[in-house]
Amino acid sequence: MTFLEFLLILLVLYYVGYIVLWILLDCNVSLWYKSRFGVSLSTMRGQVVWITGASSGIGRALAVSLARHGVRLVLSARRVKQLEDVQAECLEAARGLLAQNDVLILPMDMLQLENHQSHLYTVLNHFDRLDVLVNNAGRSQRANWTEIEIQVDRDLFELDVFSVIHLSRIVVRYFLEQNGGRGHIAATSSIAGFSPVPFSATYCAAKHALNAYLSALKVEQRKLDVTIFAPGPIATDFLLEAFTGTDGRKLGGSTANQKRLTAKRCGWLFAVALANKMDVTWCGLFPVNALAYCARNPTLTKIIGHFMTEKRLNNIREGKL
Ligand SMILES: NC(=O)c1ccc[n+]([C@@H]2O[C@H](COP(=O)([O-])OP(=O)(O)OC[C@H]3O[C@@H](n4cnc5c(N)ncnc54)[C@H](OP(=O)(O)O)[C@@H]3O)[C@@H](O)[C@H]2O)c1
């Protein structure tokens, strides 16, 4: 065997191994690698992380994962009772690493942009520092493209994009003034943010826009860490509150009995991505993980597009396979 043939075989084995990992793993390969060999979540101990949408689902699971390692938290959302439950769960998970004062409940409606600045002051008055902002609050959507009322497009963008960008700008200005531009902005995007899925046009567009805003931020602010965390289908209650195509009407759906990654696993992977300051990461069960890889490659996207009907894609997204 010539040296060239040997190199060729190595190359083929590398790609075959890589594709097998797409199939076997529940997240992208580099996130999996960091979860095994990257820095531990304990390196974040003592840092202050502000999580929006912390009252349930992914935000809640992320908060608990971080609390377990002594990360101080600001928990924000509108439902105060649920936030109190999350605070209690965090303190229990921390097993003495955190005191009540280390997990601040900050009730907040993301849509009230006029209050964002004073919410940041509340965080700083309490902790005297902020290290990471996690923009997690958001709502999904189920609707036919042709039937979406323009007010729904506006309302969804207001929550999933504009409120996030507004709060992030305020926090980035603080990072610039206080830390010379060092700090960490993260957001829960979605695999729908780089791969269009059927029956969620506004949501897909919103998450694409969010990704673009945050990628542009990273290009301008080189000292800033920016993490785009993109889950596939996760077992949370988010279909209850999802937008439809009709102004003011919520879906009221459920993810029960669907094949979805657990919120606990998703929250832990998100925490790994934060500790390792990763830029773009994603998670999801097969075949979502493999499809996410394909979606990031225009040629593969085209090939897959030929074989996937919108019904099949929707079944994968709804965990019905
Ligand atoms: N579950 C999935 O399959 C999936 C997949 C990809 C991406 N995501 C993204 O993950 C994020 C979290 O969703 P989830 O699945 O964990 O669903 P979830 O359990 O419904 O969580 C949504 C969170 O957003 C908060 N929220 C909604 N509207 C708000 C507002 N106006 N002001 C402040 N907080 C608000 C909710 O809190 P309150 O109601 O208490 O305010 C709740 O804590 C979202 O950005 C979603 O797009 C989810």
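Which residues does UniProt list for "transmembrane region"? The unreviewed entry gives residues 6-25, and the legends below begin with that span. The model is predicted, so local features need pLDDT of at least 70 and side-chain atom pairs count only at pLDDT 80 or more, while totals for chains, interfaces and linings use all residues. Residues are numbered from 1 along each chain as its sequence is written, and side-chain values use heavy atoms, with hydrogens and water left out.

**View 1. The annotated transmembrane region, residues 6-25.** This span is 95% helix and 0% strand, with its end C-alpha atoms 28 Å apart. Helices (H or I, at least four residues) and strands (E, at least two) are DSSP runs, numbered from the N terminus. UniProt positions are given in the numbering used here, feature names are shortened, and annotations may be inferred rather than shown by experiment.

**View 2. The annotated domain, residues 47-237.** In an unreviewed entry, UniProt places "domain: Ketoreductase" at these residues.

**View 3. The shell around the ligand.** The ligand is surrounded by 29 residues, and the closest are Ser55, Arg78, Arg79, Tyr203 and Thr236; a residue is near a molecule if one of its heavy atoms lies within 4 Å of it. Both α3 (57-67) and α7 (201-220) supply at least two residues of this shell.

View 4. An N or O atom in the side chain of serine 56 is 2.8 Å from an oxygen atom of the ligand. A polar backbone atom of isoleucine 58 is also 2.8 Å from a ligand oxygen atom, and for a backbone N or O atom of asparagine 136 the distance to an oxygen atom of the ligand is 2.8 Å. Of the 880 Å² that the ligand exposes when taken alone, the protein buries 96%; accessible areas come from the Shrake-Rupley method with a 1.4 Å probe.

**View 5. The loop that holds proline 287.** Proline 287 is found between β9 (280-283) and α9 (288-295). The peptide bond joining phenylalanine 286 and proline 287 is cis, with omega of about 5 degrees.

**View 6. The loop that holds arginine 95.** Arginine 95 lies in the loop between α4 (80-94) and β3 (103-107). Although not a glycine, arginine 95 has a positive phi of about 40 degrees.

Key: Polar contact = N/O pair within 3.5 Å; in protein donor to acceptor, adjacent residues only side chain to side chain.
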